[in-house]
Amino acid sequence: MNNYVKQKRLDLEMTQSDLAKKIGVSRQTIYAIETKKYDPSVTLALKIAVTFSTNVEDLFALEKVDWD
Amino acid sequence: MTACKGNFTFHHVNFALHLMPNFTYIVMKYLLLPKHFRTAGWFLLIPGLLAGFSNYIFNTEPEFLNVTMFAIANAGFYQTTYFTLIETNIWQELISLMIIMGGIFIGFSRTDIEDEYIQKIRLEALTWAVYVNYLILILAIIFLYGFTFTDVLVFNMFTILLIFVARFEWVLVNLNRETDNE
């Protein structure tokens with residue numbers, strides 16, 4: 001899955017720690033999401049979207065491999 | 001409504017969980033021990049492993065641990081007795097309990113921030129440990145015989161837990177290192 005979490009976070013001048021604290025996860029989780037090592041759950045994706053005041057679809061996008 | 005009568009829905013369970021004290025809620029939500037158990041776990045596991053290796057090599061038992069224990073079953077060379085009191089040295093039993101409890105405390109205690117990604121890492125480490133442990137056991141079954149295999153059976157009591165803890169901690173350390181470099 002492709003995501004634009006890092007770009008959006010940097011646009012809002014937030015650190016990984018800031019974002020992690022806001023949504024109640026570890027900084028390692030934010031790092032893993034941004035480096036595409038981990039696809040967040042629906043709940044976590046929604047929390048990130050709400051924190052960024054945007055839609056989930058603007059942050060996450062399915063790739064071709066996700067359909068395999 | 002009639003069809004739902006008597007059925008527990010997710011909302012019933014979730015509501016009940018929120019009524020419980022925080023400790024129990026956390027344990028039941030994550031099936032994990034509180035995080036201070038991790039420290040206690042290391043204080044059990046490391047001495048337990050050292051004592052275990054020492055016992056394996058030197059085969060000595062402290063005399064003050066000769067005690068009377070209640071045995072549900074005690075199989076000797078000639079007979080097996082049930083529900084009896086026996087005289088035995090409990091050094092090996094203590095070592096085993098230290099290793100097992102230490103491993104469980106370390107592997108199944110909450111981390112500083114317990115979230116879904118850490119839970120995924122924990123589950124993957126547990127899966128990996130099962131595969132590796134039984135691969136080793138399969139090879140041991142095929143290639144080791146006699147009393148050597150008896151040693152394998154003894155070690156096998158602990159290896160799945162130890163492999164899990166080692167793998168879990170290794171992944172966490174690497175993850176922390178990568179995150180710090182970011």
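Me: How much area is buried between chain A and chain B?
Reply: Buried area is the accessible area (1.4 Å probe) that two parts lose on being put together, summed over both. Carbon and sulfur atoms give 51% of it here. In this predicted model, local features need pLDDT of at least 70, side-chain atom pairs count only at pLDDT 80 or more, and totals for chains, interfaces and linings use all residues. Between chain A and chain B the buried area is about 1,300 Å².

Me: How many residues of chain B are in contact with chain A?
Reply: Contact means heavy atoms within 4.5 Å. Chain A brings 15 residues to these contacts. Residues are numbered from 1 along each chain as its sequence is written, chains are lettered from A in the order in which they are written, and side-chain values use heavy atoms, with hydrogens and water left out. On the side of chain B, the number in contact is twelve.

Me: Which side chains meet in a salt bridge across the interface of chain A and chain B?
Reply: A salt bridge is a side-chain nitrogen of Lys or Arg within 4 Å of a carboxyl oxygen of Asp or Glu. The rule finds one across this interface. At 2.4 Å, N to O, the partners are B:Glu178 and A:Lys37.

Me: Which helix gives the most to the side of chain A that touches chain B?
Reply: Helices are DSSP runs (H or I, at least four residues), numbered from the N terminus. The helix in question covers residues 27–34 and gives five residues. It is helix H3 of chain A.

Me: Which helix supplies the largest share of the nonpolar patch?
Reply: The patch, on the surface, is formed by B:Phe53, B:Tyr56, B:Ile57, B:Phe58, B:Val154, B:Phe155 and B:Met157. Patches take residues with over 30% relative accessible area and no salt bridge, nonpolar side chains being joined within 5 Å and like charges within 9 Å. Helix H3 (36–58) and helix H6 (147–181) of chain B each supply at least two residues. The largest share, four residues, comes from H3(B).

Me: How many residues apart in sequence are the parts that B:Arg38 and B:Glu169 tie together?
Reply: The side chains of B:Arg38 and B:Glu169 meet in a salt bridge at 3.0 Å, N to O. B:Arg38 lies in helix H3 of chain B and B:Glu169 in helix H6 of chain B, so the parts tied together are apart in sequence by 131 residues.

Notes: Accessible areas come from the Shrake-Rupley method with a 1.4 Å probe; for residues, only the protein chains shown count as cover.
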